[in-house]
Amino acid sequence: MRPWRARLGGDATLHRLNALAEEAGLRTAGGRAVRFVPPAAADPYYEIKVFKTGCVQTRPDSLHDLFNALAWLAFPRTKARINAMHAAEIPREGGKRGRLRDLLTIFDEGGAVVSAPPALQDLQKEFRWKELFWERRAEVLRTMKLHVLGHAVLEQALEPRPGITCKVIFAPPGSDPDAAAETWLASLPALATPRDMAPLPIFGYPGWYPSQDAAFYSEERYFRPFRRDGAIK
């Protein structure tokens, strides 16, 4: 998202966001032009309205909403797919939110795409945090890339603290994270749940948080060990 944030400069207004959206050709999955508009009353069918109109309610003074707008610019295919899946699921739920929409919301708010060699992916999936982030630190910095799209996590990252965690999917090194995430979302079965994503304590990524040493990565309050009953499917 950094290039888009840089282009905003100090002008993080709806007018400037919409100019960038028009330039980028942002569209919903249904082909509506995406535009950032002032907030209205809360609406349980918000995602359906976004899908049908392209209007994304954005509070001018909200960092949370600013990062959401930046996510639309940086991950247009992924954001459009998340919105379309929400809009398709809501009428089928009968007023009771399903696990698939839980997954979509968690990925939207706190998701990331990890591109890394298979060996490092395995360490993450097995919750071998100290080995991943400390013992293989140089390799992580060289070959493991995190592409964070979750706008809530990005807002939290302005004041980094232990405990901030993403739910992630994996993509091959060098691949387009937006395309990879959109393809993964499109392939999800109807019974998908948040457990289909792997957790990643991003504050452990080398250099993301100060005072990272061997003892830091041994703290199980934050770097929790693998439990078979909580395993990723």
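Modeller: Setting aside residues up to four places away in sequence, Gln-124 touches Val-114, Trp-129, Leu-132, Met-144, Val-168, Phe-170, Ala-198, Pro-199 and Leu-200, where contact means heavy atoms within 4.5 Å. The model is predicted, so local features are required to have pLDDT of at least 70 and side-chain atom pairs pLDDT 80 or more, whereas totals for chains, interfaces and linings use all residues. Residues are numbered from 1 along each chain as its sequence is written, and side-chain values use heavy atoms, with hydrogens and water left out.

Gln-124 belongs to helix H7, residues 118-125; helices (H or I, at least four residues) and strands (E, at least two) are DSSP runs, numbered from the N terminus. Its relative accessible area is 0%, so Gln-124 is buried. In this account, buried means under 20% relative accessible area, exposed means over 50%, and partly exposed lies in between, with a 1.4 Å probe and protein chains only. A polar atom of the Gln-124 side chain lies 3.3 Å from the backbone oxygen of Pro-199.

Leu-120, Gln-121, Leu-123 and Gln-124 are buried in H7. Because these buried residues fall within an arc of 160° when seen down the axis of H7, they line one face of the helix; the arc is that of the directions from the helix axis to the C-beta atoms. The elements against which the buried residues of H7 pack are strand S3 (111-115), helix H8 (129-135), H9, strand S5 (166-171) and strand S6 (198-200). Asp-122, also found in H7, is partly exposed, with a relative accessible area of 39%. Between the C-alpha atoms of Asp-122 and Leu-132 the distance is 9.4 Å, at a separation of ten residues in sequence.

Just after H7 comes Phe-127, whose phi is positive, at about 60°, although Phe-127 is not a glycine. This residue lies in the loop between H7 and H8, and Phe-127 is buried, with a relative accessible area of 15%. Ser-211, in the segment after S6, likewise is a residue other than glycine with a positive phi, near 65°. With a relative accessibility of 62%, Ser-211 counts as exposed.

Arg-137 is located in H9, residues 137-143, and counts as buried at 19% relative accessibility. Apart from neighbours within four places in sequence, the contacts of Arg-137 are Leu-132, Pro-206, Gly-207, Gln-212 and Tyr-217. The side chains of Arg-137 and Tyr-217 are joined by a polar contact of 2.9 Å. A polar contact is a pair of N or O atoms within 3.5 Å; within protein, one must be able to donate a hydrogen and the other to accept it, and residues adjacent in sequence count only if both atoms are side-chain atoms.

Another arginine, Arg-101, has its place in helix H6, residues 99-110, and is buried, with a relative accessible area of 10%. Its side chain makes a polar contact of 2.9 Å with the side chain of His-86, and a further polar contact, of 3.1 Å, joins the side chains of Arg-101 and Glu-93. Beyond neighbours within four places in sequence, Arg-101 is in contact with His-86, Glu-89, Ile-90 and Glu-93.

A helix pair may be treated next. Helix H5 (residues 76-93) packs with helix H11 (residues 177-186) at an angle of about 20°, their axes being 7 Å apart. The axes are lines fitted to C-alpha atoms, for helices over the stretch in contact, and angles run from 0 to 180 degrees between N-to-C directions. H5 and H11 are therefore roughly parallel to each other; this term applies to angles under 35 degrees, with roughly antiparallel over 145, roughly perpendicular from 65 to 115 and oblique for the rest. From H5, Pro-76, Arg-77, Thr-78, Arg-81, Ile-82 and Met-85 make the contact, and from H11, Asp-178, Ala-179, Ala-181, Glu-182, Leu-185 and Ala-186.

Just after H2, Gly-25 adopts a positive phi of about 70°.
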